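Student: Hi! Could you walk me through this protein? I'm new to reading structures.

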Amino acid sequence: MNRIHKISALERPKYIRPVKIHYTQNGVLREWEAILSHDSVAVLLWHVNLKAFVIVRQLRATVLNQDEHNGFTYELCAGIMDKDASEAQTAKEEILEECGYEVPLESLERVTSFYTSVGISGAKQTLFFACVDETMQVNDGGGLEDEAITVLYLPIEEAKAFMFDESRHKTPGMMMAFYWFFENRMNTT
């Protein structure tokens with residue numbers, strides 16, 4: 001069973017840095033507590049043969065802290081920009097690591113970027129789109145050894161209902177990506 005055992009203060013964080021930001025707003029000195037974190041990439045993967053989105057399911061401790069009965073989230077393939085690599089290269093590596101598909105860099109389409117968790121971190125996420133098929137699958141995916149990622153295929157017919165199914169925790173970036181697909185690729189892919 002998944003559960004939170006303890007929450008403690010970070011002493012030497014590896015990926016984030018808690019800070020207090022001092023700034024001026026309309027001539028008034030203000031302060032805000034924040035978390036400085038890495039920017040990230042996310043990829044909306046479309047499996048052309050299955051007519052389905054390739055998504056991942058994984059346990060997120062922060063969600064488990066909010067919902068002690070279900071800390072699993074449904075997400076796009078994604079990862080932080082913590083290496084000296086381009087956004088597209090990072091996206092390519094995350095697709096292989098999490099989902100098991102080898103996608104050529106030139107097949108990645110940059111869709112847009114947006115800011116996430118703006119009340120606390122304001123990190124930028126860049127969204128990509130790519131098509132995959134069974135010939136591109138080189139392994140089962142699943143992420144790194146300390147990740148428990150399950151690769152799922154969401155049929156296009158179920159995607160709109162899935163977006164609003166509150167029993168399945170998901171990110172707003174995923175929902176926005178689905179909307180983008182329905183508006184821009186639905187009849188062309």
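**A first look**

Tutor: Happy to! The protein has 4 helices and 10 strands. Keep in mind that this is a predicted model.

Student: What pattern do they follow along the sequence?

Tutor: Reading along the sequence, you get β-β-β-β-α-β-β-α-β-β-β-α-β-α.

Student: What is the radius of gyration, and what would a compact globule have?

Tutor: For 189 residues, a compact globule would have a radius of gyration near 16 Å. The protein has 18 Å, which agrees.

Student: What percentage of the residues are buried?

Tutor: Buried residues account for 33% of the 189 residues. The protein exposes about 11800 Å², and carbon and sulfur atoms supply 50% of that.

Student: How about contacts? What share join residues at least 24 apart?

Tutor: Taking contacts between residues at least 6 apart in sequence, 60% join residues at least 24 apart.

Student: Switching to the inside now. Which residues touch the most other members of the largest nonpolar core?

Tutor: Those are Leu44, Phe53, Ile55, Phe178 and Phe181, in a core of 21 residues. At least two core residues come from each of these elements: strand E3 (40-47), strand E4 (52-59), strand E8 (123-132), helix H3 (156-163) and helix H4 (172-184). H4 gives the largest share, with 6 residues. As background, nonpolar side chains tend to be buried together in soluble globular proteins.

Student: Let's zoom in on leucine 44. What is it in contact with?

Tutor: Setting aside neighbours within four places in sequence, leucine 44 is in contact with Phe53, Leu76, Leu127, Phe128, Phe129, Ala130, Ala177, Phe178, Trp180 and Phe181. There is also a second, separate core of 19 residues, which includes Cys77, Tyr101, Phe128 and Val151.

Student: I spotted threonine 126. Where does it lie?

Tutor: Threonine 126 lies in strand E8.

Student: Is threonine 126 buried or exposed?

Tutor: Threonine 126 counts as buried because its relative accessible area is 0%, and the cut-off for buried is under 20%. Beyond its neighbours within four places in sequence, threonine 126 is in contact with Ser40, Val41, Ala42, Glu87, Arg110, Thr112 and Ser113.

Student: And glycine 100, where is that?

Tutor: Glycine 100 sits in the loop between helix H2 (87-99) and strand E7 (109-116). Glycine 100 is buried, with a relative accessible area of 0%.

Student: What does glycine 100 touch, leaving out residues up to four places away?

Tutor: Glycine 100 touches Ile95, Met136, Gln137, Val138, Asn139, Asp140 and Gly141. Take glutamine 137: glycine 100 and glutamine 137 are 37 residues apart along the chain, with their C-alpha atoms separated by 5.6 Å.

Student: What about serine 117, what is its phi?

Tutor: Serine 117 also has a positive phi, near 45 degrees. Serine 117 belongs to the loop between E7 and E8 and is partly exposed, with a relative accessible area of 46%.

Student: Now the start of the chain. Where is isoleucine 4, and what does it touch?

Tutor: Isoleucine 4 is in the segment before E1. Not counting residues up to four places away in sequence, isoleucine 4 touches Ala61, Leu64 and Asn65. Isoleucine 4 is partly exposed, at 31% relative accessible area.

Student: And isoleucine 7, is it buried or exposed?

Tutor: Isoleucine 7 counts as exposed because its relative accessibility is 64%, and the cut-off for exposed is over 50%. Isoleucine 7 lies in the segment before strand E1 (16-25). From isoleucine 7 to serine 107, C-alpha to C-alpha, there are 42 Å in space and 100 residues in sequence.

Student: Last one: how many positive and negative charges are there?

Tutor: The protein has 18 positive and 28 negative charges, and their mean positions are 6 Å apart.

Terms used: Residues are numbered from 1 along each chain as its sequence is written. This is a predicted model: local features need pLDDT of at least 70, side-chain atom pairs count only at pLDDT 80 or more; totals for chains, interfaces and linings use all residues. Side-chain values use heavy atoms; hydrogens and water are left out. The radius of gyration is taken over C-alpha atoms; the globule rule is 2.2 Å times the number of residues to the power 0.38. Buried means under 20% relative accessible area, exposed over 50%, partly exposed in between (1.4 Å probe, protein chains only). Contact means heavy atoms within 4.5 Å. Accessible areas come from the Shrake-Rupley method with a 1.4 Å probe; for residues, only the protein chains shown count as cover. Lys and Arg count as positive and Asp and Glu as negative; His and the chain ends are not counted. The place of a charge is taken as NZ of Lys, CZ of Arg, CG of Asp or CD of Glu. A nonpolar core is a set of buried Ala, Val, Leu, Ile, Met, Phe, Trp, Tyr and Cys residues joined through side-chain atoms within 4.5 Å.
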